[in-house]
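Morning, everyone. I have one structure to walk through today. Please bring it up on your screens.

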Amino acid sequence: MIKKTLLRIFNLYFIIISTILISGIFVSEICINSTVSEYKESVSSKKAEEVSAYATRISNQILVTDYLKSTNDTIDNELDVAAELYGGRILVVNSTLEIIYDSYGRDKYKTALMTEILSTFKGNNVSNVDWKNAKGTLCHGITESNRINGCIMFIYSLDKESESLNNITHTLNVISLAVIIAMLFLGIIISLVITKPLKGMQQKLDKISNGDMEVELDEKGIYEFKKVSESVNGMLTRVRATDKTQQEFVSNVSHELKTPMTSMKVLAETLLMQEGAPEEMYREFLSDINQEIDRENNIINDLLELVKLKDKNIVPNITRCSINEILELVLKRITPIARARNIEIIYESYKEVIMQVDSNRIIMALTNICENAVKYNKDNGRVRVALTSDIRHAYITVEDTGRGIPEESLNHIFDRFYRVDKARDRETGGSGLGLYIVSDIVRLHGGTIKVTSRLGEGTKFVIKLPLTQKSTNLDSVKSN
Ligand code: ADP
């Protein structure tokens, strides 16, 4: 609950405004501080230089007039004028630390114990500024024959400078406040510009998640939003296409499964209605029913195989096999149906080809192609099966002298449930899934399948399969 409330408070709107505001305050603080300290530095060093120049000049006069030993009015007057000029206090101390001049007159003849004076006698130059009390202090040693015999201490006023400093700080504060307010407005504008399209997108995405797949995102302003819109639209197009394919698939499957059922029902009903039907009729109808059951079985088996091929969790069982042996087995299987229609099977292979395959699936694919070559052949026709290889691939050619496939159908024969002649081909007992499964199996092995055909003359399938399997081949078909 607290987390939810915090998330609601720290929304994008808040984050953008506060970031811009904090940056504004931070930058203006830095500007004010650096300007003020630069001003202080330049003013104080200028003032110190001025006072120091005067101190040097007066200390020379003090030496010339031997003022440290016996004071005189000329220097006293001069110092009075200077104290007045700098708006502060001047002290002159002799070598015994006795104050021999005090422009305030307060501490004359007293012993000077100020740290600045003691430090000057130790040979240090003392100059410091106290901006808080608007005053500066400068101690200048009076040196004779490399010995410090006395010291002049200036405590000068920085009232004027302090006043201008206050004025500058005030002006800077006003400017920075104006900048911060401007930044606040800028933050509000930027966050509106960013959050408005986001809100629009969110509303549309909500609609999509509620099932309205016809919604399209159309953000055009900011580049990133445009890109997100494009990606989401692309995803929606794919989802719609998948949806459509799935619907088509379900309706095709239902239709395919229903057809043998309807035939069986008609056959059974006819028999039931015929009272005292002859045994031959029973046999004939039951054999037809039996065929329909086989067809239903074929369709279900192919569907199950399809599901397996699309299952990302089922790993193909790749082993090293002799493709010659596989082809011999396949041809042995189809020989009886070929013989029944006097179709000659010619097998050409000149060397043994060993390769890595999922043998059960390759058997299934080759059986399908060879079976089709017999099924769609003419009586007394021919099927030629050839196997060759180079260093990387095996090439299996299955060529028949059958009825051929029209050019406009060549691109579709690998589609699910596609049949060139819908009514006639269904009679052959196929599911219309055979070549679709074949192409999936070939792709699973990283191979290709090509078909060429001449109507009325025959069809030729060439399957190219790599001899060895890379792990990436095995994923390609699953992502399809
Ligand atoms: P089916 O189970 O109907 O045989 P397939 O997917 O194996 O389905 O084949 C799809 C269609 O391609 C077949 O219905 C048929 O029209 C055509 N076809 C496949 N192989 C051949 C071939 N060798 N000669 C002529 N037509 C073929």
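Where is glutamate 161 found? Glutamate 161 sits in helix H5. Helices here are DSSP runs of H or I with at least four residues, strands are runs of E with at least two, and both are numbered from the N terminus.

Before I go on, the ground rules. This is a predicted model, so local features need pLDDT of at least 70 and side-chain atom pairs count only at pLDDT 80 or more, while totals for chains, interfaces and linings use all residues. Residues are numbered from 1 along each chain as its sequence is written, and side-chain values use heavy atoms, with hydrogens and water left out.

Back to glutamate 161. Its relative accessible area is 17%, so glutamate 161 is buried. Buried means under 20% relative accessible area, exposed means over 50%, and partly exposed is in between, with a 1.4 Å probe and protein chains only. What does glutamate 161 touch, beyond four places in sequence? The contacts are Tyr39, Val43, Lys47 and Trp131. Contact means heavy atoms within 4.5 Å.

Now the overall picture. The protein chain has 13 helices and 12 strands. Its radius of gyration is 52 Å, well over the 23 Å from the globule rule for 480 residues, so the chain is more spread out than a compact globule. That radius is taken over C-alpha atoms, and the rule is 2.2 Å times the number of residues to the power 0.38. Along the principal axes, the C-alpha atoms fill a box of roughly 160 × 55 × 40 Å. Of the 480 residues, 39% count as buried. Take contacts between residues at least 6 apart in sequence: 66% of them join residues at least 24 apart.

Charges next. There are 59 positive and 63 negative side chains, and the centres of the two sets lie 2 Å apart. Lys and Arg count as positive, Asp and Glu as negative; His and the chain ends are not counted. Each charge is placed at NZ of Lys, CZ of Arg, CG of Asp or CD of Glu.

How many disulfides does the search of the whole structure find? The count is 0. A disulfide needs a pair of cysteine sulfur atoms within 2.5 Å. Look at cysteine 139. Its closest cysteine sulfur is in cysteine 151, at 4.5 Å, which is too far for a bond. Cysteine 139 is buried, at 3% relative accessibility. Cysteine 151 is buried as well, at 1%.

On to valine 215. This residue lies in the loop between helix H5 (159–209) and helix H6 (223–273). Buried or exposed? Valine 215 is buried, with a relative accessible area of 10%. Leaving out residues up to four places away in sequence, valine 215 touches Lys204, Lys207, Ile208, Leu236 and Arg240. Leucine 465 is 250 residues away along the chain, and the two C-alpha atoms are 43 Å apart.

Last topic: backbone angles. Most residues other than glycine have a negative phi. Serine 145 has a positive phi, near 45°. Serine 145 is in the loop between strand E4 (135–144) and strand E5 (147–157), and is exposed at 71% relative accessible area. Asparagine 342 also has a positive phi, near 55°. Its loop runs between helix H8 (323–340) and strand E7 (344–349). Asparagine 342 is exposed, at 51%.
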